[in-house]
Amino acid sequence: MTDTTAGQAPELVQVPAPASADPARERLRRWRLVLGGDQADGTGCTLSGRDAAMDGALAALYGKGDKAQPGRERSAGLGASAPSVARWLGDIRDYFPSSVVQVMQRDAIDRLGLASLLLEPEMLQAVEPDVHLVGTLLSLHKAMPETTRETARAVVRKVVEELEKRLATRTRATLTGALDRSARVQRPRHHDIDWNRTIAANLKHYLPEYRTVVPERLIGYGRAARSVRKEVVLCVDQSGSMAASVVHASVFGAVLASMRSISTRLVVFDTAVVDLTDQLDDPVDVLFGTQLGGGTDINRALAYCQERITRPAETVVVLISDLYEGGIRDEMLKRVAAMKASGVRFVALLALSDEGAPAYDREHAAALAALGAPAFACTPDLFPEVMAAALEKRPLPIPDPA
């Protein structure tokens, strides 16, 4: 199974088939599950047993809103009953792989208005945790009763721990290497010599008769220092459309904060600005300190960040936003230009998630690009490379928009 567009059931490509099914029968079976049993589906296939139960789980979600027709088998059946929804959540976890379950949960929340049911602990225990569910919980957490909050934190913590396990080691390794390379020394030990730079610096000492270069000046990588060498500011838009980006940014913020040679600041904003740096030792606390939704004032957030930059030449500012500005547009652009002129490396990410770029303000993106700060969507797997390039002041690995 793969993802789904609004109002359509997921494509059925991984539904387990009976061992005895012949290819023709299996094709009809899959088409029957996709089409939902309408008289016009043309398959003439009747489902039974597990297939019928699977079809019922799909019908409960994707049959919603279909007009009743004579002989039509598929109709919505979740309603607003917490027990029936809990059973349905258990059924889909039994019938479908985890990636498909996450898609169906997301569609159920969006299409059937089930978000309020997530305020019940029993419901939270039945769902499959993922980044999008975390975003929904964060948008609801102010309304959560006390009995639900600990369950919600457990769900969020499970997702955060899985993300950290996936991303932390590679991020630390990539950025540690970048920090080492950015600190050049003139009298390196043999194994610390940067041979490419050393050869380039000594080409004038080339001896044709020996076909060799005499390295009169050695250039090497500096060893990782215990003191702070770089400063990173993550400035994250917490409007509702940026939920997945907020989750990933919180995890990366915690990882960066764990590195001694990087001083990390995490700022989230809508029309107000909140500095969550003191909570970076626990990304779950960071996430529950956000407030998804509301307006957007990028200019105000950048003003806050700009005031706290003490070493511009050693600072990277990462703005994560869809760039829909509710504040003063011209002032926002002037701040970006001023930071870059002072030596700050400015990175603009339209999203930090696996979904690609959301809807974004193309005019503002073009204006940032004209200032030398191209805006692009970044996956969590690419983010360490982007940060390494920013720390080393080399071109960013901007993905092909195609």
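Helix 14 (residues 383-391) is mostly covered, with 8 of its 9 residues buried; buried means under 20% relative accessible area, exposed over 50% and partly exposed in between, with a 1.4 Å probe and protein chains only. The model is predicted: local features need pLDDT of at least 70, side-chain atom pairs count only at pLDDT 80 or more, and totals for chains, interfaces and linings use all residues. Residues are numbered from 1 along each chain as its sequence is written, and side-chain values use heavy atoms, leaving out hydrogens and water.

**Helix 14**
- The buried residues of helix 14 are F383, P384, V386, M387, A388, A389, A390 and L391.
- K393 follows helix 14 and has a positive phi, near 60°.
- Helices (H or I, at least four residues) and strands (E, at least two) are DSSP runs, numbered from the N terminus.

**Nonpolar cores**
- A nonpolar core is a set of buried Ala, Val, Leu, Ile, Met, Phe, Trp, Tyr and Cys residues joined through side-chain atoms within 4.5 Å.
- The largest nonpolar core has 86 residues, of which W88, F96, M104, L137, V318 and F383 touch the most other members.
- Helix 7 (residues 146-182) gives the most to this core: 10 residues.
- Another core, of 25 residues, lies apart from it and includes C235, M339, F346 and L350.
- Beyond its neighbours within four places in sequence, V318 is in contact (heavy atoms within 4.5 Å) with V233, L234, C235, V347, L349, F383 and M387.

**V273**
- V273 sits in strand 7 (residues 273-275).
- V273 is partly exposed, at 25% relative accessible area.
- Setting aside neighbours within four places in sequence, V273 contacts V267, V268, R300, A301 and Y304.
- V273 and C305 are 32 residues apart in sequence and 9.7 Å apart in space, C-alpha to C-alpha.
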